[in-house]
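This briefing is meant to be read beside the coordinates, topic by topic. Please keep the display open while working through the points.

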Amino acid sequence: MTGMWLQFLVTGITVGAIYALVAIGFSIVFNASNVINFAQGEFVMIGGMSAVSLLATGIPMTLALPGAVAVAAIVGLVVEKLAIERARRADVVPLIIITIGASIFLRGLAQLVFDKSVHRLPPLAGERPLDVFGAAVVPQSLWVIGVTLVIVVALTLFFHRTRAGKAMRAVSHNRLAAELVGIDVRKVLRASFGLAAALGAVGGVLIAPIAFTSYDAGIMLGLKGFAAAMLGGLGSFPGAVAGGLTLGVLESAGAGYVSSAYKDAIAFVILLAVLLLRPDGLLGARSRDRV
Amino acid sequence: MTARMFASAIVLSISCAATAALAQAPIKVGAFLSITGPAAFLGDPEQKTLEMYVERINASGGVAGRKLELVVYDDAGDAEKARTFARRLLEQDKVDVLVGGSTTGTTMAAVPLAEQAQTPFISLAGAVGIVEPVKKWVFKTPHTDRMACEKVFADMRARKLVKVAIISGTGGFDKSMRGECLKVAGNFGVEVVADESYGAADTDMSAQLTKIRGNAAVQAVLNAGFGQGPAIVTRNYRQLGLAMPLYQSHGVASAEYVKLAGSAAEGVRLPAAALLVADILPDTDKQKPVVVAYKHDYEARYKSEVSAFGGHAYDGLMLAVDAMKRAGGADKAKVRDALEATRGYVGTGGVVNMTATDHMGLDETAFRMLEVKNGAWVLVR
């Protein structure tokens with residue numbers, strides 16, 4: 001049964017890459033503002049649902065998919081402008097609660113703007129599964145994994161090599177100091193929401209052919225993505241990927257070897273254990289708040 | 001008194017009765033449905049159906065000389081809200097009959113209230129537990145999951161598939177159906193050799209299916225599921241190259257399932273109500289006129305595909321109206337007795353014959369075994 005464990009691994013990595021994409025979005029906003037943006041799952045949903053709606057109007061795939069990402073980015077900017085910026089003097093906790101409110105609002109809005117049924121996007125590269133040493137791999141999973149890797153590399157370069165990226169990091173380290181050296185904190189916050197929303201939407205567009213999308217698809221993805229981000233260490237992109245993949249593989253192996261009934265429980269118990277032993281996650285920066 | 005005076009007195013009294021009837025308060029039909037939330041695909045067509053037919057019934061003169069008034073609340077699939085709304089319908093709105101409870105959970109939350117208020121309650125949800133044991137005031141229109149299991153196992157036995165794997169979700173419908181299937185499998189000489197599950201929002205079921213693939217005894221797979229899960233199961237099933245026959249439940253008997261699962265759905269069998277295959281039913285089928293008319297009405301008005309769930313609401317409303325006509329009004333006790341005495345009512349869900357011990361009144365003829373061929377449903381045999 002070598003095919004069996006390999007299949008579990010492949011399945012886990014595919015699901016894990018999806019979680020990783022969501023987790024990266026959490027990390028971007030967290031880095032810029034120390035806020036955990038619970039509307040991240042909704043950005044994923046908006047990406048998927050916008051792509052479905054755009055395709056339905058007859059726009060070709062090559063325009064519909066980037067279009068959907070753009071729609072989500074705009075929604076991200078609007079949410080920041082209308083909800084977060086107005087409360088910018090507030091503490092982190094009220095801001096987090098605002099993001100929860102935004103997520104409920106966006107979900108409700110999606111029911112009205114889109115519809116309440118489940119949709120599927122056509123895959124980017126065929127549906128015929130590839131045979132990898134006896135395990136079936138859907139081409140779309142390779143897209144998910146590949147794009148996730150590209151995004152991680154690009155983001156790491158962006159945050160470490162460019163002025164804008166460095167400014168965003170500076171704000172996360174010390175907001176006041178960043179303001180004093182002339183960084184426009186508001187702009188950074190807005191950019192982080194736009195970027196996180198766009199990345200979430202990329203995830204939403206990529207996974208809709210595998211996992212479908214609907215107005216409420218963001219809830220569970222947001223939760224699992226958050227768990228992945230915590231597991232890997234909030235704020236760390238390699239951590240988000242490691243956390244996502246670990247979570248995905250644990251779930252899949254748990255379903256395969258132990259019992260599918262306890263699949264989610266297994267993943268979350270391990271998450272709890274990691275948080276108890278390493279509160280900053282697997283790859284998180286330790287003692288961030290040293291004074 | 002001259003004959004003439006006598007005649008005019010009769011005319012007068014008749015016209016008085018008529019104006020009295022028109023001026024009479026409308027009969028109130030109360031509905032709590034899951035119009036939004038995770039079960040919106042149930043509540044949405046149910047609400048549309050109720051609205052459309054209440055309008056139509058009123059346009060053609062109402063029931064027993066009185067108009068119908070529909071009061072609808074959205075419980076968003078939440079049993080707690082359903083309880084609140086059911087109480088409001090019974091106590092504040094003072095409805096004459098309750099129709100609703102899109103899900104088993106919301107229905108069960110309202111059952112004690114309807115019993116206490118002694119108001120006829122027609123549920124639109126699936127589980128056997130709603131009418132078993134029989135509750136005096138509670139009826140239901142959809143077929144049960146047990147009947148679906150029986151239909152599937154009978155078909156499996158006919159194909160000599162006796163070692164079966166069940167894969168089900170963790171939602172209420174899935175769990176209930178899995179339980180019923182495990183209970184009745186033995187009656188059909190079918191043995192359940194594998195039993196897997198998945199979460200309601202899972203995006204991949206390959207791990208569970210790989211486990212089933214590794215079990216050499218399995219001859220057929222039954223997915224007791226609801227929502228988008230079964231479509232993902234179907235896709236993963238084909239991706240992994242599983243070749244045994246795959247059965248789905250009546251829970252996904254919709255065009256949406258075929259659309260989501262795509263070519264992977266080819267050859268999948270499932271039990272479903274006649275409504276789904278209205279157009280390909282033979283003309284001799286008793287249900288054909290009813291289901292064709294409902295499908296046509298619904299699709300013409302709402303420009304969206306008809307679903308079995310809207311059909312449940314149609315049956316619920318029509319059963320209530322039928323009972324009120326026979327009871328000659330909306331007296332709760334009389335309507336209840338009339339509901340229980342329903343015989344040979346032909347609805348979208350089947351031919352209904354209620355008795356004191358059967359408050360659903362359907363038998364397995366209500367189900368048709370369907371197979372997906374070239375992206376469309378066809379009747380098996």
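The model is a predicted one, in which local features need pLDDT of at least 70 and side-chain atom pairs count only at pLDDT 80 or more, while totals for chains, interfaces and linings use all residues. Residues are numbered from 1 along each chain as its sequence is written, and chains are lettered from A and ligands numbered from 1 in the order in which they are written. Helices (H or I, at least four residues) and strands (E, at least two) are DSSP runs, numbered from the N terminus.

**Chain A as a whole**

- The secondary structure of chain A consists of 11 helices and 2 strands, and from the N terminus on the elements follow the order α-α-α-α-β-β-α-α-α-α-α-α-α.
- Chain A has a radius of gyration of 19 Å, which agrees with the value near 19 Å for a compact globule of 291 residues; the radius is taken over C-alpha atoms, and the globule rule is 2.2 Å times the number of residues to the power 0.38.
- The C-alpha trace of chain A spans about 60 × 50 × 35 Å along its principal axes.
- Of the 291 residues in chain A, 53% count as buried, where a residue is buried if 20 or more other C-beta atoms lie within 10 Å of its own, exposed if 12 or fewer, and partly exposed in between, with C-beta atoms placed from the backbone.
- Among the contacts in chain A with a separation of 6 or more, 76% come from residues 24 or more positions apart; two residues are in contact if their C-beta atoms, placed from the backbone, lie within 7 Å.

**Helix α2 of chain A**

- Helix α2(A), residues 40-56, has 17 residues that should span 24 Å at 1.5 Å a residue, and its end C-alpha atoms are 25 Å apart, which agrees; the expected span is 1.5 Å times one less than the number of residues.
- Because 13 of its 17 residues are buried, α2(A) is largely enclosed by the rest of the structure.
- L55(A) is found in this helix, yet it counts as partly exposed because it has 19 C-beta neighbours inside 10 Å.
- Leaving aside neighbours within four places in sequence, L55(A) is in contact with M61(A) and A64(A).
- After α2(A) comes G58(A), whose phi is positive, near 100°.

**Contact between the chains**

- The contact takes 29 residues from chain A and 26 residues from chain B.
- On the side of chain A that touches chain B, two or more residues each come from α1 (2-33), α8 (185-211), α10 (237-258) and α11 (263-277) of chain A, and the largest share, 7 residues, comes from α1(A).

**The open sheet of chain B**

- In chain B, 5 strands form an open sheet in the order β2-β1-β3-β4-β5, with parallel pairing; two strands pair if DSSP finds at least two bridges between them.
- The edge strands are β2 (68-74) and β5 (138-140) of chain B, each of which pairs on one side only.
- Strand β3(B), residues 97-100, is joined by 3 bridges to strand β4(B), residues 121-123, and the two run parallel; within this pair, V99(B) stands opposite I122(B) in β4(B).
- Helix α4(B), residues 104-117, packs on the sheet, where it touches β1 (27-33), β3, β4 and β5 of chain B, and its direction makes about 170° with that of β4(B); axes are lines fitted to C-alpha atoms, for helices over the stretch in contact, and angles run from 0 to 180 degrees between N-to-C directions.

**Other parts of chain B**

- Strand β6(B), residues 163-169, is largely enclosed by the rest of the structure, because 6 of its 7 residues are buried.
- A set of 7 bridges joins β6(B) to strand β7(B), residues 191-198, which run parallel, and I166(B) stands opposite D195(B) in β7(B).
- Helix α11(B), residues 308-327, has 17 of its 20 residues buried, so it is largely enclosed by the rest of the structure; G328(B), whose phi is positive, near 70°, follows this helix.
- A278(B) is found in the loop between β10 (269-273) and α10 (288-302) of chain B, and it counts as buried because it has 22 C-beta neighbours inside 10 Å.
- Leaving aside neighbours within four places in sequence, A278(B) is in contact with V291(B), V292(B) and K295(B).
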